[in-house]
Amino acid sequence: MKKNTFYITTPIYYPNAQPHVGQAYTTLLCDVMTRCHRLMGDEVYFLTGTDENTEKVVRAAEKEGKEPSEYMQGIVETFKDLYKNLGIEYSQFIRTSDEIIHWPGAIEMWKRLQERGDIYKGEYHGLYCVGCEEFKTEKDLIDGKCPIHGTEPERLSEENYFFRLSSYTPRIKEIIEDGSLLILPSFRKQEILSLLERGLEDISFSRPAGNVMWGIPVPGDPTQKMYVWMDALTNYITALGFGRGEEDMRFWPGTHVVGKDILRFHAAIWPAMLLSAGLPLPQAIVVHGMIISDGKKMSKSLGNVIDPNEMISRYGVEATRYLLLRHVNTFEDSDITWERLDEWYEADLVNGLGNLVARILTLSEKYLNRNIEKIEPSEGMWDELGKTYRIDRFLEYTWSLIQGLDRSITKDEPFKVAKKDPENGAKMIAELIEGVGGLRFIAFALQPFMPDTSEKILKAIKENKKPDNLFPRLDV
Ligand code: MSP
């Protein structure tokens with residue numbers, strides 16, 4: 001049977017700082033969906049990477065007295081290391097400074113838009129925030145400052161090429177409305193529809209080369225460089241070979257996972273570009289909320305930064321994956337602090353899952369005199385999650401099963417039963433493992449989230465042997 005293909009992407013991150021927990025979260029979410037689709041039997045391609053044709057990087061490099069390319073290389077390594085430490089297994093890590101992999105496709109995209117008559121020259125007078133790499137209007141600002149970066153945007157007056165975004169508004173509205181471009185969750189779909197209702201203006205798609213050091217030259221006009229978002233969005237197809245004559249576009253269309261901060265680019269500009277270029281639209285855009293800490297955006301000066309690497313050293317990889325996936329609400333903003341992470345770790349993992357596994361395997365080692373040859377996952381286990389992306393709820397449900405088993409052990413006291421009536425006791429213990437919602441089911445349910453833990457539990461069940469302590473207590 002031919003396998004279904006599934007293509008999932010993270011945003012490509014700006015390599016102007018060490019990886020942030022929010023970026024780790026998006027990438028982790030994609031890793032889970034990748035694993036989940038593999039378990040469903042799909043052929044999966046998982047893309048991530050870095051967005052390098054940006055002034056931000058040049059400025060960050062200058063601060064450290066480094067060459068931008070050397071600086072970026074260093075940051076890219078820290079991203080790759082983090083992914084490795086988090087057990088994130090991507091298919092490709094694209095870098096948009098890569099003139100072999102990425103540039104030909106970005107240039108091809110530009111040419112297609114131009115051939116369509118959707119690129120024209122104009123004067124741009126207005127504001128630009130380098131932090132956002134975005135053209136701004138007065139109404140986007142608060143007290144004259146960018147609300148995200150708290151800095152005053154630059155006032156630009158320059159010649160640019162514009163993209164006829166406005167003419168695609170009706171078509172994009174239609175395809176989002178009728179669901180052929182799926183936006184999850186539905187309140188984000190409504191949000192983008194009301195933006196489209198107000199209409200989209202044409203957008204600058206280039207900057208004068210003299211004003212930006214970094215970027216892909218506009219084909220046929222070396223005095224201009226492509227606007228970074230135009231080139232960045234194209235990564236989703238250049239990674240598959242678009243523009244390189246070796247198109248492996250069979251994975252396209254894909255599913256883009258993004259934070260809510262960049263929904264507009266993905267749900268309006270990107271589909272317009274694809275329509276103009278005569279390419280299929282993305283399948284879905286999945287939008288998650290922002291992670292904040294102690295009610296505020298994380299920042300070094302506030303001292304509320306949660307560094308994903310620090311999480312791994314404190315809790316271990318598997319627990320870090322769990323804590324982020326379960327306690328960051330998949331679609332809403334979430335607040336996490338070290339205190340709360342510690343509490344969740346103790347409650348859900350040390351006293352929850354870890355304790356339950358030890359409890360059940362101690363019983364079965366003692367009273368259930370057999371190994372289990374074959375254990376299999378339940379049919380259709382991933383269908384729902386594959387559609388809804390409610391990772392947090394899936395885990396919440398799994399933990400309700402853990403609590404249920406714990407309660408039934410306390411209530412039914414199988415150890416006492418087994419001492420008096422070994423046959424009946426063994427039956428009760430087998431039920432804890434193999435029954436509906438039992439430990440076997442839980443172990444399979446953990447596969448995409450905590451792959452090693454899942455494997456350890458399954459092994460323990462098969463061998464009827466209590467595993468080593470899964471989640472040690474924190475030394476405080
Ligand atoms: N380079 C652009 C994306 C181009 S995609 C064609 C960009 N980069 S970024 O480095 O700023 O990353 C933004 C993304 O990182 C967000 O959309 C989100 O996925 C993730 N997060 C960064 N901070 C975050 C939080 N505080 N919370 C959750 N995720 C956030 O934008």
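Visitor: Which residues in H10 meet H12?
Guide: This is a predicted model. Glu-310, Met-311, Arg-314 and Tyr-315 are the H10 residues. From H12, Trp-338, Leu-341, Asp-342 and Tyr-345 meet them.

Visitor: What classes of residue make up that contact?
Guide: Five nonpolar and three charged residues, with no polar ones.

Visitor: At what angle do H10 and H12 pack?
Guide: About 35°, and the axes are 12 Å apart. H10 covers residues 308-315, while H12 covers 338-367. Their crossing is right-handed.

Visitor: Switching to H4. How many residues does it have, and what should they span?
Guide: H4 has 13 residues, 103-115. At 1.5 Å a residue they should span 18 Å. The end C-alpha atoms are 18 Å apart, so that agrees.

Visitor: Which H4 residues are buried?
Guide: Trp-103, Gly-105, Ala-106, Met-109, Trp-110 and Leu-113.

Visitor: And what comes just after H4?
Guide: Gly-117, with a positive phi of about 80°.

Visitor: Now the open sheet. What's the strand order?
Guide: S9-S11-S10, three strands with antiparallel pairing. S9 (206-208) and S10 (217-218) are the edge strands. Each has a single partner strand, so one side of each has no neighbour in the sheet.

Visitor: How many bridges join S9 to S11?
Guide: Three, and the two strands run antiparallel. S11 spans residues 221-226. Pro-208 stands opposite Gln-224 in S11.

Visitor: Which strands does H4 touch?
Guide: H4 packs on this sheet and touches S9, S10 and S11. The direction of H4 makes about 100° with that of S11.

Notes. Residues numbered from 1 in each chain as written. Predicted model: local features only at pLDDT ≥ 70, side-chain atom pairs only at ≥ 80, totals over all residues. Heavy atoms only, no water. Axes fitted to C-alpha atoms, helices over the stretch in contact; angles between N-to-C directions. Helix = DSSP H or I, 4+ residues; strand = E, 2+ residues; numbered from the N terminus. Left-handed = near helix turned anticlockwise from the far one by under 90°. Contact = heavy atoms within 4.5 Å. Nonpolar A, V, L, I, M, F, W, Y, C, P; charged D, E, K, R; others polar. Expected span 1.5 Å × (residues − 1). Buried < 20%, exposed > 50% of the residue type's maximum accessible area, 1.4 Å probe, protein only. Pairing = 2+ DSSP bridges.
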